[in-house]
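These notes go through the model point by point, moving from the overall make-up to single residues. Please read them with the structure open.

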Amino acid sequence: MLSSLIQGAGRAAKVAQEAVQLVFGWDEPAAASATPTSGADAVRVARAAPADASALLARLRAMGLRNVDALLLTTNRRTMVSIKGRMLRVHEGYLAAGDDVLTAIVAFVMARRGAGRTAAMHVIIGYARGLTEHSAPARVARTHPADEALAERLEIAHAELNEARFGGELQGIPVRVSRRMKSRLGHYSPARGGEGAEIAISQQHLKKHGWASAMETLLHEMVHQWQAETGRPLDHGAQFRKKAREVGIRPRATRVVD
Ligand SMILES: [Zn+2]
C-alpha cells in the first residue's frame, strides 16, 4: 500500500498543477471483473472509459461538474463518492461506469441537497452494489439473497440519513441484513484486518418492528460509526447520548425486543 501511495504521488506530480491526483493500483479484484470483457458493451467501455483520475475528472467536467479542483481515486469500498470542500473522492471502480452513473456523480456533487441528490445516490449506490456482488472479498457473514433488496434500501437510507442528520460527515459503508441476529437489533463493526466497517440490521427486527423502528436502530449504529470515525471509544457514554439526541433519537443503549 505504501509503495502504491508513493507511485501515485509520483504520477500526481506530472498532472495538472491545480489538482492533487493519486492513482492507486487495484487491491480488490472487484471492478476489473465488473468490466465486460466481450460483446458490444466491452467495445463501448474500452473506447469510452476514462483511464485515470485526471481523465475521469475531465469527463465529469465535460458533463457539467463545477467547483471541484481535485479528484482522488480510492480503493477502499468505504468511499464510493464523497465531496469535501473542492476535493472529490471516487472509488476506482467508477472508472468503468457508464454515462448514466457518471451523470449521477455530477448531480450528486452539484445538487448538494434535495431530491436530485437522492436520485443520484440511488444510481451511485446501485452501481457500487453491482461491483461488490461480483468482487468483494468473502465476508464471514453475508446478506441472505432474499434480503438483498432490503439491504439496498438500508444503504440508501444510510446515505440519506448521513446527509440529513450528520451533515454528510460519515463514510458510505455497507449495510447488511442479518438473519442470525436474535437478541440485538443492529450492530456496527469497525474496520479491522482486511475488512471494512459495516452495519448489520437484524432481519427479525425489521420484520417485527417495521421500517421506522429500524431507522432508529440504523441511526443508533451510525452514532457508533461516528464514534469510530472520529477516534472516540465505542460506548454509550455521555458523548454517545449527546450525539444521539443531536441526530434525533432517544439515547438508549438498548431497546427491548419482544
Ligand atoms: Zn449501541
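1. Helices (H or I, at least four residues) and strands (E, at least two) are taken here as DSSP runs, numbered from the N terminus. On that basis the secondary structure of the protein comes to nine helices and six strands. This is a predicted model, in which local features need pLDDT of at least 70 and side-chain atom pairs count only at pLDDT 80 or more, while totals for chains, interfaces and linings use all residues. Residues are numbered from 1 along each chain as its sequence is written.

2. A residue is called buried if 20 or more other C-beta atoms lie within 10 Å of its own, exposed if 12 or fewer, and partly exposed in between, with C-beta atoms placed from the backbone. Of the 258 residues of the protein, 32% are buried in this sense. Two residues are in contact if their C-beta atoms, again placed from the backbone, lie within 7 Å; among contacts between residues at least 6 apart in sequence, 58% join residues at least 24 apart.

3. Pairing of two strands requires that DSSP finds at least two bridges between them. Strand 1 (70-74) and strand 3 (residues 87-91) are paired in the parallel sense over five bridges, and within strand 3 it is L88 that stands opposite L71. Strand 2 (residues 81-84) runs antiparallel to strand 3 and is joined to it by four bridges, with V81 standing opposite V90. Strand 2 and strand 3 also form a hairpin with two residues between them, and G85 in the turn has a positive phi of about 60°.

4. A further three strands form an open sheet in the order 4-6-5, with mixed pairing. Strand 4 (175-178) and strand 5 (186-189) stand at the edges with a single partner strand each, so one side of each is left without a neighbour in the sheet. Neighbouring strands of this sheet are turned by 20° against each other on average, direction ignored. Strand 4 pairs with strand 6 in the parallel sense over four bridges, and the bridge partner of R176 in strand 6 is A200. Strand 5 and strand 6 (residues 198-202), by contrast, pair in the antiparallel sense over four bridges, where I201 in strand 6 is the bridge partner of G186.

5. Which residues of strand 4 point one way, and which the other way? V175 and V177 point one way and R176 and S178 the other, and all are buried.

6. For the helices, axes are lines fitted to C-alpha atoms, over the stretch in contact, and angles run from 0 to 180 degrees between N-to-C directions. The axes of helix 7 (residues 148-166) and helix 8 (residues 203-229) come within 10 Å and cross at roughly 50°. That makes helix 7 oblique to helix 8, given that angles under 35 degrees count as roughly parallel, over 145 as roughly antiparallel, 65 to 115 as roughly perpendicular and the rest as oblique. The residues that meet are L150, L154, A157, H158, L161, R165 and F166 in helix 7 and L206, M215, L218, L219, M222 and W226 in helix 8. By class, this contact has eleven nonpolar, one polar and one charged residues, where Ala, Val, Leu, Ile, Met, Phe, Trp, Tyr, Cys and Pro count as nonpolar, Asp, Glu, Lys and Arg as charged, and the others, Gly among them, as polar.

7. Helix 8 also lies across strand 4, strand 5 and strand 6, running at about 155° to strand 6. A228 lies in helix 8 and is partly exposed, with 18 other C-beta atoms within 10 Å. Leaving aside its neighbours within four places in sequence, A228 is in contact with P190, A197 and L234. The C-alpha atoms of A228 and P190, 38 residues apart along the chain, are separated by 6.7 Å.

8. Two exposed positions may be worth a look. N67, in the loop between helix 4 (53-62) and strand 1, has a phi near 65°, a positive value in a residue other than glycine, and is exposed with 11 other C-beta atoms within 10 Å. Most residues other than glycine have a negative phi. R250, in the segment after helix 9 (238-246), counts as exposed with 10 C-beta neighbours inside 10 Å, and its C-alpha atom is separated by 8.5 Å from that of E216, 34 residues apart along the chain.
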